[in-house]
Amino acid sequence: MKKILVALSFILGLGSAQAKVILPYVFSNGMVLQQQSNAAIWGKTTPGASVNVVTSWNKKEYKIKANADSTWKIKVETPKAGGPYQININDGDLVSIKDVLIGEVWFISGQSNMEMGLRGMGAEQPIHGGPEAIANANNNQIRFFRSQHKVWGIPTDNLRGRWQEASPTSSPLFSALGYFFALKLQKQLNIPVGIVQVAYGGTPIEAWMSKESLAPFASEVKIPEEKNEAIENKGTPTSLFNGMISPMIGFTVKGMLWYQGEHNRRYPALYAKLFPVMVADWRKRWDNGEFPFYFVQIAPYPKPENWIAYSPFLREAQLNSSTSIPNAGMVVNVDLGSEKVSHTPYKEKLADRMLAMVLNRNYGFKELAYQGPAYKALNVQGNTAILSFDHAEKGLKFSEENNANFEIAGADKKFYPASAVKIKGNTIEISAAEVSKPVAVRYAFKGWVVGNLYNTEGFPASSFRTDNWEIPK
């Protein structure tokens with residue numbers, strides 16, 4: 001009985017006075033490890049103790065000696081997808097992690113649009129298709145590790161959470177975007193899919209960044225003094241990195257999905273600088289190569305006032321990051337906003353777009369289109385502005401005949417709606433009666449807008465502008 005209690009506390013990541021080995025919660029029954037990788041496993045035991053790890057898929061034994069601070073870490077070779085398997089860990093007391101699947105593991109993070117569960121957020125903020133997805137969520141090949149929230153003053157090494165397989169009981173709280181992505185990826189590949197969900201609503205990017213990565217921005221971001229205690233304000237710089245990212249660093253994943261930015265909408269210029277630094281810092285710390293980092297653009301929203309003024313520039317910062325950050329990509333969201341709430345209900349559509357990107361870029365489905373038209377160049381002929389686009393080799397289209405999302409300005413920097421639109425191949429010709437000599441063009445560059453420009457494959461263009469005029473302060 002004693003052995004059973006020790007093993008149970010170990011597997012749950014709780015530890016006890018009787019157990020030597022303590023594992024982070026993420027290493028527990030039902031977990032998913034990344035296939036065909038050198039997957040990291042770590043924990044704590046008595047300083048100097050020998051730890052033997054045996055993986056059932058190949059019967060291989062790994063030996064490591066705990067450091068003076070009691071920590072140990074090894075990497076195990078994982079096979080092609082399959083399972084269930086078992087991992088035995090022995091430092092004198094044998095404990096086991098059971099029901100381990102090998103498959104594809106994706107880490108998802110961000111604020112409320114990523115955290116928002118399949119059940120939605122009350123009657124006023126539903127998820128389209130959520131009730132049906134919950135009812136049909138009977139798939140033990142889809143596993144979620146959904147972490148608790150932890151806001152802390154120094155980097156920590158454990159984060160509460162547990163692995164759960166998809167079921168009508170467990171799935172309502174799974175990230176809607178993450179679940180639809182996992183469901184479709186699992187069906188496409190027919191192998192296990194694990195999602196590590198570490199998200200917290202209403203949080204700025206500074207909270208997800210380390211003290212070291214924020215150091216160059218000390219004049220713009222106030223970095224708090226380190227204290228080993230909980231922090232009340234979840235928006236405090238470094239607090240979520242310390243409490244929620246630091247414990248997960250090194251967990252082997254295929255890539256990361258990120259949906260955040262609404263909370264930073266008033267500071268788009270700063271966000272444009274912070275976002276690439278955060279990604280680079282995470283990758284360096286993870287020691288998992290330059291893994292894919294894909295993210296969702298924030299959706300349009302008609303209020304409050306500062307959203308209307310600033311959010312187009314935040315979307316622009318994200319658009320620029322999609323090409324400036326290596327091995328990154330952005331899911332365009334300009335056509336899926338909601339006039340009532342800032343939480344778009346169309347998470348399944350976003351998952352479809354994310355899946356197309358992942359399948360093309362990471363799983364060999366090169367025939368699949370995955371991105372919409374991208375502004376390339378502006379030419380002016382008389383009073384006509386001619387825009388050309390990449391990723392529109394087969395042509396462009398509008399979702400409705402009457403397009404009202406283009407604006408043109410002359411040297412006076414006053415924008416007027418375009419009164420005529422003509423599509424020729426991968427170009428669009430537009431003009432406005434009020435502008436005789438066009439200087440700049442903007443598309444869907446407003447706080448609230450419903451984007452309607454697509455390529456013929458059905459992927460939307462992001463909002464964009466051809467000018468670089470000053471961002472409002």
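User: Which residue just after H7 takes a positive phi?

Analyst: That is Asp287, with a phi of about 55°. Residues are numbered from 1 along each chain as its sequence is written. This is a predicted model, in which local features need pLDDT of at least 70. Helices (H or I, at least four residues) and strands (E, at least two) are DSSP runs, numbered from the N terminus.

User: What distance separates the end C-alpha atoms of helix H7?

Analyst: They are 27 Å apart, which agrees with the 27 Å that its 19 residues, 268–286, should span at 1.5 Å a residue. The expected span is 1.5 Å times one less than the number of residues.

User: Which residues of H7 are buried?

Analyst: Among them are Leu270, Tyr271, Leu274, Phe275, Met278 and Trp282. Buried means under 20% relative accessible area, with a 1.4 Å probe and protein chains only.

User: Turning to sheets, what is the strand order in the one with S21?

Analyst: The order of this open sheet of four strands is S18-S17-S21-S23, with antiparallel pairing. Strands S18 (415–417) and S23 (464–465) each have a single partner strand, so one side of each is left without a neighbour in the sheet. Two strands pair if DSSP finds at least two bridges between them.

User: How many bridges join S21 and S23?

Analyst: Two, in the antiparallel sense. Arg442 stands opposite Arg465 in S23.

User: And what is the bridge partner of Ser388 in S20?

Analyst: It is Thr427. Strands S15 (residues 384–390) and S20 (residues 427–431) pair in the antiparallel sense over four bridges.

Conventions:
This is a predicted model: local features need pLDDT of at least 70, side-chain atom pairs count only at pLDDT 80 or more; totals for chains, interfaces and linings use all residues. Side-chain values use heavy atoms; hydrogens and water are left out. Buried means under 20% relative accessible area, exposed over 50%, partly exposed in between (1.4 Å probe, protein chains only).
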